[in-house]
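Dear colleague,

I am handing over the structure that follows, and below it I have set out what was found. Please read the notes with the sequence and the coordinates open beside them.

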Amino acid sequence: MSRYIIRRLLLTIPVLAGILILVFFLSHILPGSQCRALIGERATDAMCADFDHLHGLDLPVYQQFVNYVAGLAQGDLGASVKTSQPVTTLLIERLPVTIELSFYALLFAVPLGVLLGIVSASRRNSSMDVVTMAGANLGVSVPIFVLGLMLAFVFSYLLKGTVLWLPPSGRLTPGLTITPLVVSWGLEDLKGPLRNIIDFFSNIYTFNALITAQWVIFVDAFRHLILPAIALGTIPLAIIARITRSSLLDVLGLDYIRTARAKGLSDKAVVRHHALPNSMLPVVTIFGLQVGALLGGAVLTETIFNLSGVGRAVSESIASRDYAVVQGFVVVIAIGYMFVNLAVDISYAFLDPRIRLQ
Amino acid sequence: MTAPYQGAGREVGVEEAELVRRQSNIWRDTGRNVVHQRNAIVGLFILGFLVLIAVFADQITIYPPDQVLIGVVPGARPAAPPCVHAFGCPEDKPQFLMGTDPNVRDEYSRVVHGARVSLFVGFATVGFAIMLGMLAGLVAGYAGGWGDNVIMRAMDILLVFPALLLAISIVTALGQSLINAQLAIGIVAIPIYARITRASVLSVKETDFVTASRALGESSRGLIFRRILPNSITPLIVAGTLGIAGAVLDVAALSFLGLGAQPPLAEWGSMIGLDSGRLFSAPWLIIFPGIALSLTVFGFNLLGDGLRDALDPRLNR
């Protein structure tokens, strides 16, 4: 087992190198000078030369790359050329928004998807099955931005004034503010990485409110997350339901299931104890792939629901040619995604002993 | 069942038997999955309908999609709601089936003409991705060794990035236009087709009939294009049909963000994006293109699913 994990870890090194190279060079072939994008048309050549020198942009590209990787190795992701804020600070602000959103999207999608898949498979071709699968097909076909806008239209506009009304944008109702964890805990003077970590979790509003018992804030933040989470979670929900159904049906057709039935086990016991564990492998694979898709979907969801998360930060900084921010975010996202896939691969080995032995 | 051969040939015998078994099952399984067959038929019906709309777009609309109707149609106002006299709309207002957009253009005409754009986008994008993916997969699968390794690791790196984010960076690098959005979505999809092609090449290239062709002096090119490729085409068709659904969605998403189709082109994603600020005051500008877009994607998804179940029961997902 540990040999498998070590080998799998070693395999991530070339992929990691590839990510760094691709992100760096992709963001450096973006046309247009950063200087002119920031200072505007009035920038003189001399001003731009100073600007480039200040930000190390006059160095050869390979030298910039070496500097970048060296900084990265020390946990320095560079600074925004536009606002001079360190990328790390931006990450601490923005990443929790996206993580929180994705978490609730998955919380909505995974249990419901697996449940619907199981029900569909165990009552194959029943009206329940047909309706669920038609719904799943529809679910993967409605674009996130259309679904999001429709949800906002129904719940924020048509249902205005009813108890079902939900807020269409932002993270908290204007006027409400959340107390940062460092303040709640009296740690305002704290510095360094620990402070960053605490600030990071502090920006996951529902988590912060939950552990510091700010109930009004918790409910408000949660209500703001319902529509975006449904918009973002619907496609994974539909995909997971379909995969669970087909994978369970495959397993239910195997000989050992017939044996279990022949022993006189109930349908419920056969599905729960014999079929389900073996049918989860493809579901885990899809889960891993969906995490990547979630990050793409987050760009759209954050745009529609006016959440300042990673997705929006990336598309905004691409537009303003803020290379450092784009690089920092994309590298962090890609590395995070890579580790999700690593975790998926390792969980295979737990789920299926045959993979361990290869 | 063929008698087992000696040595390496033994595996070939088993694989061949497997192929025979698969072929004999195709029609039986096709017949069995009546529900999924219905899916494919419904999908084809939807797509046929959309193709007709796209082809006859000019005949079934009154105004061109880009025409500003101020002064052309008396009483035309910006962002006017749908108005059909037969459904109780006052006779003194001009009729618009889906209302007008903020630039006083006929929304119905724009939605109808959008079908042309989206169908073209779907086929062109996936066609591009399949061509390159197939080539990469063929070379990797047929050559093997380090060539295989280099190509497939490059594909892995492409796959590491969340597709839409990678597409956004590519579009920004190339400039914002519909064709660049298609290119970006196409590039992002290449690894899918490369992997599928490689997998089927690997499974086909050691079979008896390929060995026999080689023994008869068939050139490498002949082997690849006449013997191996035709046998890899089925999974590519299935993945491609589903891929069109994804491509239509993703290009529309890029256009929604302002990175794809540029105004005044009648493209559903960009129409929704430009008018999303009027969601509460003019919801028809979101609802109609939204339905059209969802219907298109739904059609391709149904057809792709139906095809997959009919052609390849072992990929039964």
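A question to begin with: which residues in H14(A) meet which residues in H15(A)? Please bear in mind throughout that this is a predicted model. On the side of H14(A), the residues are Val310(A), Ala313(A), Val314(A), Ser317(A) and Ile318(A), and they meet Val325(A), Val326(A), Phe329(A), Val330(A) and Ile333(A) in H15(A). Sorted by class, this contact has nine nonpolar residues and one polar residue, with no charged residues. The two helices, H14(A) and H15(A), pack at an angle of about 145° with their axes 9 Å apart, and their crossing is left-handed.

As for the chain to which these helices belong, chain A has 16 helices and zero strands, and its C-alpha atoms fill a box of roughly 85 × 60 × 45 Å when this is taken along the principal axes. Of the 358 residues of chain A, 36% count as buried. Among the contacts in chain A with a separation of 6 or more, 72% are accounted for by residues 24 or more positions apart.

Chain A also touches chain B, in a contact that takes 43 residues from chain A and 37 residues from chain B. Several elements of chain A give two or more residues to its side of this contact, among them helix H1 (2–28), helix H11 (215–252) and helix H13 (267–304), and the list also includes helix H14 (310–319) and helix H15 (323–351), the pair described above. By class, the side of chain A that touches chain B has 32 nonpolar, nine polar and two charged residues.

Ala167(B), if residues up to four places away in sequence are not counted, touches Ala184(B), Ile185(B), Val188(B), Asp250(B) and Leu254(B).

Finally, a word on confidence: the mean pLDDT of chain A is 85, and 95% of its residues reach 70 or more. Within chain A, confidence is highest in H7(A), at 94, and lowest in helix H16 (residues 353–357), at a mean of 64. Where pLDDT is low, the predicted coordinates should not be read in detail.

With best wishes

Key: Residues numbered from 1 in each chain as written. Chains lettered and ligands numbered in written order. Predicted model: local features only at pLDDT ≥ 70, side-chain atom pairs only at ≥ 80, totals over all residues. Contact = placed C-beta atoms within 7 Å. Helix = DSSP H or I, 4+ residues; strand = E, 2+ residues; numbered from the N terminus. Nonpolar A, V, L, I, M, F, W, Y, C, P; charged D, E, K, R; others polar. Buried ≥ 20, exposed ≤ 12 C-beta atoms within 10 Å, placed from the backbone. Axes fitted to C-alpha atoms, helices over the stretch in contact; angles between N-to-C directions. Left-handed = near helix turned anticlockwise from the far one by under 90°. pLDDT = per-residue confidence, 0-100.
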